[in-house]
Amino acid sequence: FQFRFDLEGSDLEPGEMKRLFSLAERRGCLKLIASSDGNGGSLPVRQDFQMYSGLVLEGTHMIHELGPGRRAWLHVVDGKVLINELELQTGDGIGFTDEKSVSFTAKEPSSMILFDLA
């Protein structure tokens with residue numbers, strides 16, 4: 001899965017604009033891969049968002065807390081996840097507004113991208 005975003009005005013060197021995170025780093029968790037401050041070795045971006053990548057096994061339940069005024073977008077890269085009564089499959093996405101957290105359960109081995117947005 002590849003994702004591109006605008007780094008206009010960035011002082012990053014071209015080599016810093018692409019960073020690979022191993023399967024082991026993303027397995028069983030939501031690994032921070034891009035953020036406004038480069039926290040935890042994530043790709044630093046000059047925008048107020050955090051981007052997470054996760055690979056989870058069937059039955060894994062994940063919760064991502066959202067700060068006040070934050071929104072989120074969850075994209076299922078591969079697999080199936082259940083959010084409340086809604087089942088999302090490969091290629092599906094869902095937005096969250098006015099929620100305290102994003103919560104989902106993998107219905108099969110799944111990979112996803114979560115955007116935590118201002």
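**Exercise 1.** Which residues does H64 touch, not counting residues up to four places away in sequence?

*Solution.* The model is predicted: local features need pLDDT of at least 70, side-chain atom pairs count only at pLDDT 80 or more, and totals for chains, interfaces and linings use all residues. Residues are numbered from 1 along each chain as its sequence is written, and side-chain values use heavy atoms, with hydrogens and water left out.

Step 1. Contact means heavy atoms within 4.5 Å. With that exclusion, H64 touches L30, Y52, S101, V102, L114 and D116.

Step 2. The side chains of H64 and D116 also make a polar contact at 2.9 Å (a pair of N or O atoms within 3.5 Å; within protein, one must be able to donate a hydrogen and the other to accept it, and residues adjacent in sequence count only if both atoms are side-chain atoms).

**Exercise 2.** Determine whether H64 and E58 are buried or exposed.

*Solution.* Step 1. Buried means under 20% relative accessible area, exposed over 50%, and partly exposed in between (1.4 Å probe, protein chains only).

Step 2. H64, at 10%, is buried, whereas E58, at 56%, is exposed.

**Exercise 3.** Which residues are in contact with E58, leaving aside its neighbours within four places in sequence?

*Solution.* Step 1. The contacts of E58, with those neighbours set aside, are A106, K107, E108 and P109.

Step 2. For P109, 51 residues from E58 along the chain, the C-alpha separation from E58 is 4.8 Å.
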